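I opened this notebook to record what I looked up in one structure. The entries follow the order in which I made them.

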Amino acid sequence: MECNTSAALILLPAEHFITKRLIHQTHLRLKHTGVKTMMGALRTEFWNRKMRQALKRETSKCTRCQRLDSRHFDEIPAPLPM
Ligand SMILES: [Zn+2]
(Lines give C-alpha, C1' and ligand atoms only; values in the text may rest on other atoms or scores of the structure.)
Protein backbone atom coordinates (compact mmCIF):
# COMPACT_ATOMS: atom_id res chain seq x y z
CA MET A 1 0.00 0.00 0.00
CA GLU A 2 1.40 3.35 -1.04
CA CYS A 3 0.89 6.40 1.11
CA ASN A 4 0.65 9.84 -0.47
CA THR A 5 2.71 11.99 1.89
CA SER A 6 1.98 15.25 0.08
CA ALA A 7 -1.70 15.07 1.10
CA ALA A 8 -1.02 14.31 4.76
CA LEU A 9 -1.55 17.34 6.96
CA ILE A 10 0.26 17.97 10.22
CA LEU A 11 -2.12 18.18 13.16
CA LEU A 12 -1.48 21.23 15.34
CA PRO A 13 -2.61 21.44 18.97
CA ALA A 14 -5.03 24.32 19.55
CA GLU A 15 -3.35 26.30 22.33
CA HIS A 16 0.27 25.27 21.94
CA PHE A 17 3.26 27.60 21.79
CA ILE A 18 4.37 26.17 18.44
CA THR A 19 0.95 26.85 16.92
CA LYS A 20 1.06 30.46 18.07
CA ARG A 21 4.59 30.94 16.72
CA LEU A 22 3.63 29.38 13.39
CA ILE A 23 0.62 31.68 13.06
CA HIS A 24 2.70 34.73 14.00
CA GLN A 25 5.42 33.80 11.51
CA THR A 26 2.86 33.24 8.74
CA HIS A 27 1.20 36.56 9.57
CA LEU A 28 4.52 38.37 9.16
CA ARG A 29 5.53 36.37 6.07
CA LEU A 30 2.26 37.24 4.32
CA LYS A 31 2.67 40.96 5.19
CA HIS A 32 -0.07 41.28 7.81
CA THR A 33 -2.78 39.83 5.62
CA GLY A 34 -6.23 38.77 6.80
CA VAL A 35 -7.50 35.59 8.36
CA LYS A 36 -8.80 34.02 5.14
CA THR A 37 -5.51 34.34 3.30
CA MET A 38 -3.52 33.01 6.23
CA MET A 39 -5.91 30.11 6.62
CA GLY A 40 -5.50 29.21 2.96
CA ALA A 41 -1.73 29.28 3.29
CA LEU A 42 -1.63 27.25 6.51
CA ARG A 43 -4.17 24.62 5.47
CA THR A 44 -1.91 23.41 2.68
CA GLU A 45 0.37 21.88 5.32
CA PHE A 46 -1.32 22.02 8.73
CA TRP A 47 -4.65 21.16 10.28
CA ASN A 48 -6.16 22.56 13.44
CA ARG A 49 -9.77 22.14 14.52
CA LYS A 50 -10.04 25.74 15.69
CA MET A 51 -7.76 27.31 13.10
CA ARG A 52 -9.97 30.33 12.34
CA GLN A 53 -10.39 31.22 16.02
CA ALA A 54 -6.66 30.87 16.64
CA LEU A 55 -5.88 33.09 13.65
CA LYS A 56 -8.33 35.76 14.79
CA ARG A 57 -6.93 35.70 18.30
CA GLU A 58 -3.31 36.00 17.19
CA THR A 59 -4.08 38.63 14.55
CA SER A 60 -5.93 40.79 17.07
CA LYS A 61 -2.72 40.98 19.13
CA CYS A 62 -0.72 42.51 16.26
CA THR A 63 -0.16 46.20 17.02
CA ARG A 64 0.56 47.09 13.40
CA CYS A 65 -2.80 45.68 12.27
CA GLN A 66 -4.52 47.42 15.17
CA ARG A 67 -3.06 50.73 14.02
CA LEU A 68 -4.07 50.15 10.39
CA ASP A 69 -7.61 49.09 11.30
CA SER A 70 -8.18 51.88 13.80
CA ARG A 71 -10.87 54.45 13.26
CA HIS A 72 -10.17 58.12 12.78
CA PHE A 73 -10.55 60.39 15.72
CA ASP A 74 -13.47 62.65 14.81
CA GLU A 75 -14.02 65.19 17.51
CA ILE A 76 -16.06 68.31 16.94
CA PRO A 77 -13.89 71.29 17.92
CA ALA A 78 -15.15 73.60 20.62
CA PRO A 79 -16.47 76.98 19.44
CA LEU A 80 -14.01 79.82 19.54
CA PRO A 81 -14.55 82.52 22.19
CA MET A 82 -16.10 85.73 20.88
ZN1 LIG B 1 -0.43 42.30 11.61
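**Entry 1: the core**

I looked up the largest nonpolar core and found five residues in it: Ile23, Met38, Leu42, Ala54 and Leu55. Helix 2 (35-42) and helix 3 (51-60) are the elements that give two or more residues to this core. I noted that a nonpolar core is a set of buried Ala, Val, Leu, Ile, Met, Phe, Trp, Tyr and Cys residues joined through C-beta atoms within 7 Å. A residue is buried if 20 or more other C-beta atoms lie within 10 Å of its own, exposed if 12 or fewer, and partly exposed in between, with C-beta atoms placed from the backbone. Helices (H or I, at least four residues) and strands (E, at least two) are DSSP runs, numbered from the N terminus.

I also recorded the basis of the model. It is a predicted model, in which local features need pLDDT of at least 70 and side-chain atom pairs count only at pLDDT 80 or more, while totals for chains, interfaces and linings use all residues. Residues are numbered from 1 along each chain as its sequence is written.

**Entry 2: Met38**

I then turned to one member of the core. Met38 lies in helix 2, and it counts as buried because it has 22 C-beta neighbours inside 10 Å. Which residues does Met38 touch, not counting residues up to four places away in sequence? I listed Thr26, His27, Leu30, Thr33 and Leu55. Contact here requires that the C-beta atoms of two residues, placed from the backbone, lie within 7 Å. I checked Met38 against His27 as well: the two are 11 residues apart in sequence and 6.8 Å apart in space, C-alpha to C-alpha.

**Entry 3: helix 1 and helix 3**

I next looked up how the helices cross. Two packed helices are described by the angle between their axes and the distance between the axes. The axes of helix 1 (residues 17-29) and helix 3 come within 10 Å and cross at roughly 65°. Helix 1 is therefore roughly perpendicular to helix 3. The axes are lines fitted to C-alpha atoms, for helices over the stretch in contact, and angles run from 0 to 180 degrees between N-to-C directions. Angles under 35 degrees count as roughly parallel, over 145 as roughly antiparallel, 65 to 115 as roughly perpendicular and the rest as oblique.

I recorded the crossing of helix 1 and helix 3 as right-handed. A crossing is right-handed if the near helix is turned clockwise from the far one by less than a right angle, and left-handed if anticlockwise. On the helix 1 side I found Thr19, Lys20, Ile23, His24 and His27, which meet Ala54, Leu55, Glu58 and Thr59 in helix 3.

**Entry 4: helix 2 and helix 3**

For helix 2 and helix 3, I found axes that come within 10 Å and cross at roughly 125°. Helix 2 is therefore oblique to helix 3. Val35, Met38, Met39 and Leu42 of helix 2 make the contact with Met51, Arg52, Leu55, Lys56 and Thr59 of helix 3.

I followed Val35, which lies in helix 2. Val35 is partly exposed because 17 other C-beta atoms lie within 10 Å. Leaving out residues up to four places away in sequence, Val35 touches Arg52, Leu55, Lys56 and Thr59. Val35 and Lys56 are 21 residues apart in sequence, yet 6.5 Å apart in space, C-alpha to C-alpha.

**Entry 5: the loop between helix 1 and helix 2**

I examined backbone angles next. Most residues other than glycine have a negative phi. Lys31 lies in the loop between helix 1 and helix 2, and its phi is positive, near 60°.

**Entry 6: the record and the chain after helix 4**

I consulted UniProt, where an unreviewed entry lists residues 19-68 as "domain: Integrase zinc-binding". UniProt positions are given in the numbering used here, feature names are shortened, and annotations may be inferred rather than shown by experiment. The end C-alpha atoms of residues 19-68 lie 25 Å apart, and the span is 70% helix and 4% strand.

Lastly, I located Ile76 in the segment after helix 4 (63-69). Ile76 is exposed, with 5 other C-beta atoms within 10 Å. The C-alpha atoms of Ile76 and Thr19 are separated by 45 Å, and the two residues are 57 residues apart along the chain.
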